[in-house]
Amino acid sequence: MSVVIIGGGQAGIQAADTLRSEGYGGKIDIVAKEAGLPYQRPPLSKDYLAPGKQAVPLPVRGPSFFNDKDITLHQSVQALAIDRVQRKVQLSRQSLDYDYVVLATGARNRILDCPGASLPGIHGLKTLADAEALHAALPGARNVVIIGAGFIGLEFAAAALAHGCNVTVLEFAPRPMGRALTPVMSDWFADMHRSQGVNLRLGEGIDRFKSATDGRVGAAVSTAGVSYPADLVLVGIGVEPNDSLAVEAGLETSNGIVVDGSLRTVDPAILAVGDCASFPSVHAQARLRLESVQNAADQARHAARTILGANEPYAELPWFWSTQGPYRLQMAGLAGPKDDTLVLGDKTGGKFSVLCFRGGILVAVESVNMAGDHMAARRLLTAGAGITRAEAESEGFTLKAVAKTLKVPVPA
Amino acid sequence: MPSVTYTQPDGSQQTLEVKEGTTLMRAAVSNGIDGIIGECGGQAMCATCHVYVRPEYADALPGMSDDEDEMLDCATAERLDRSRLACQIRIDAELAEIVVDIPPAQL
């Protein structure tokens with residue numbers, strides 16, 4: 001038997017690891033587009049860019065892993081096509097026979113399309129090479145403009161501020177990180193970044209870039225017509241799933257590669273996991289695509305088990321984190337824009353949680369510098385504890401205390 | 001160069017030479033030590049690099065942040081007095097020959 005995994009990120013490596021550790025004895029090939037050992041991406045926008053930190057990538061697994069587990073890692077190799085009839089994955093110089101394919105192709109940065117968007121000095125942040133370029137550029141930068149107040153943009157804003165730069169963030173939407181956070185949390189982060197010195201411009205997008213006399217980027221002109229001086233620009237306007245292989249192979253895609261609850265595509269020999277997969281979420285009661293380490297790793301484990309014969313629907317609780325300056329944001333479950341919210345803790349002091357209720361029941365928790373709340377929320381939501389708003393409002397209620405009464409294993 | 005010895009639940013040991021300033025988690029992940037995952041990349045966010053530090057090294061350890069403390073409360077394997085997150089411990093001269101035990105589970 002033979003499994004070909006396309007993608008050398010967290011999801012691809014985890015799928016291979018779980019296949020091996022749970023007894024799969026056949027051939028495993030991982031086709032990785034990037035050179036070098038697969039590395040962890042989350043630190044690239046955080047520790048990696050902090051002043052004075054040594055910029056050493058953290059591998060997803062060490063170099064001995066691939067030999068030890070008898071996994072073939074094809075580095076700097078692109079998968080060109082999947083032949084579903086012959087069951088072959090075509091690479092540039094060879095083809096690989098398969099019984100199963102796991103698509104773990106990830107996502108790519110959305111490209112900004114405005115005048116001047118390709119001037120030198122304008123960066124994206126997705127790969128190690130991107131992070132290396134920013135790490136090198138930051139110490140000499142003065143005026144940093146960031147396009148997009150999402151997680152990447154605001155993590156970078158905090159890093160640039162720590163380097164002593166003037167930082168402006170342009171965000172077309174009315175709130176930062178508005179797609180993922182409740183308004184109360186989003187507003188708190190807006191205030192926090194402003195109090196730290198970030199010039200956060202909401203409801204103001206990018207119109208065009210102007211070049212300086214040296215031909216590099218010199219200013220960013222916003223949709224409000226304001227020109228912000230810029231010698232370093234980061235564009236962080238979201239990602240798009242890498243689904244072209246799937247499209248060309250005739251698989252269904254719709255904001256990602258469409259899979260069922262077992263993470264199979266319409267072709268049961270082809271599965272998709274992580275950032276590239278659109279899956280039916282039991283937590284959202286809707287089809288969605290998530291961009292997180294948790295989703296990548298848990299779906300990879302699940303897909304490996306599907307290949308090994310399991311037939312459970314994927315149901316892991318989504319969780320996510322971001323560090324922005326001195327604040328650690330952790331999210332358990334999926335908050336919705338219309339959720340009823342309750343704040344517990346010290347909002348002014350930057351140590352609090354936002355509880356989200358839908359239909360009167362706790363469905364998600366966002367925490368700032370409250371790791372205990374976050375971990376308790378993961379346990380409670382995984383167990384389906386069904387906490388009501390009335391319970392949460394009662395005297396002396398804490399997530400940690402309720403979680404301690406649960407007799408369930410701690411989630412992964 | 002400092003060394004770190006990782007003890008598996010079955011008692012087997014592996015000793016690594018580690019550059020000063022490297023964390024216990026990074027050294028383990030980079031060298032394929034089973035049982036230390038570090039899924040969040042060393043941010044004290046996932047509690048999958050839980051280790052038990054041998055008591056004789058306790059005094060030389062860096063202090064524990066509230067975050068680490070709270071994450072350890074929820075680690076999969078039982079929390080002991082000598083529990084730490086390996087991503088929060090940088091190897092320095094004082095920890096030059098540290099020995100840690102890997103718990104039976106991280107997930």
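Modeller: Before we start, domain bounds here come from an automatic or database domain assignment. Also, this is a predicted model.

Biologist: Fine. Into which domains is chain A divided?

Modeller: Domain 1 covers 2–108 + 240–307, so named by that assignment. Domain 2 is 111–235, and domain 3 is 326–404.

Biologist: How far apart are the C-alpha centres of domain 2 and domain 3 of chain A?

Modeller: Those centres lie 31 Å apart. The contact takes six residues from domain 2 of chain A and nine from domain 3 of chain A.

Biologist: What is the domain 2 side made of, nonpolar, polar or charged residues?

Modeller: On the side of domain 2 of chain A that touches domain 3, five residues are nonpolar and one is polar. No charged residue is there.

Biologist: Switching to helix 5 of chain A. How many residues does it have, and how far does it reach?

Modeller: Helix 5 runs over residues 183–196, which makes 14 residues. From first C-alpha to last it reaches 20 Å, close to the 20 Å expected at 1.5 Å a residue.

Biologist: Which of its residues are buried?

Modeller: Met185(A), Ser186(A), Trp188(A), Phe189(A), Ala190(A), Met192(A) and His193(A).

Biologist: And what do those buried residues pack against?

Modeller: Helix 4 of chain A, plus several strands of chain A. The strands are strand 12 (199–202), strand 22 (319–324), strand 23 (327–333), strand 25 (351–358) and strand 26 (361–368).

Biologist: What follows helix 5?

Modeller: Gly197(A) does. The phi of Gly197(A) is positive, near 115 degrees.

Biologist: Now the largest nonpolar core. Which residues touch the most other members?

Modeller: The core has 156 residues. Ile5(A), Ala15(A), Val102(A), Leu103(A), Val233(A) and Val273(A) touch the most other members. Helix 4 (residues 151–162) of chain A gives the most to this core, with eight residues.

Biologist: Take Ile5(A). What is Ile5(A) in contact with, leaving aside neighbours within four places in sequence?

Modeller: Among them are Gly12(A), Ala15(A) and Ala16(A). Ile28(A), Asp29(A), Ile30(A) and Val31(A) are in contact too. Val102(A) and Ala104(A) are also on the list.

Biologist: On to chain B. What pattern does it follow along the sequence?

Modeller: Chain B reads β-β-α-β-α-β-β. That comes to two helices and five strands.

Biologist: Why call its radius of gyration in line with a compact globule?

Modeller: Because a compact globule of 107 residues would have a radius of gyration near 13 Å, and chain B has 12 Å, which agrees. The C-alpha trace of chain B spans about 35 × 30 × 25 Å along its principal axes.

Biologist: How much of chain B is buried?

Modeller: Buried residues make up 47% of the 107 residues.

Key:
Residues are numbered from 1 along each chain as its sequence is written. Chains are lettered from A and ligands numbered from 1 in the order in which they are written. This is a predicted model: local features need pLDDT of at least 70, side-chain atom pairs count only at pLDDT 80 or more; totals for chains, interfaces and linings use all residues. Helices (H or I, at least four residues) and strands (E, at least two) are DSSP runs, numbered from the N terminus. The radius of gyration is taken over C-alpha atoms; the globule rule is 2.2 Å times the number of residues to the power 0.38. A residue is buried if 20 or more other C-beta atoms lie within 10 Å of its own, exposed if 12 or fewer, and partly exposed in between; C-beta atoms are placed from the backbone. A nonpolar core is a set of buried Ala, Val, Leu, Ile, Met, Phe, Trp, Tyr and Cys residues joined through C-beta atoms within 7 Å. Two residues are in contact if their C-beta atoms, placed from the backbone, lie within 7 Å. Ala, Val, Leu, Ile, Met, Phe, Trp, Tyr, Cys and Pro count as nonpolar, Asp, Glu, Lys and Arg as charged, and the others, Gly among them, as polar. The expected span of a helix is 1.5 Å times one less than its number of residues.
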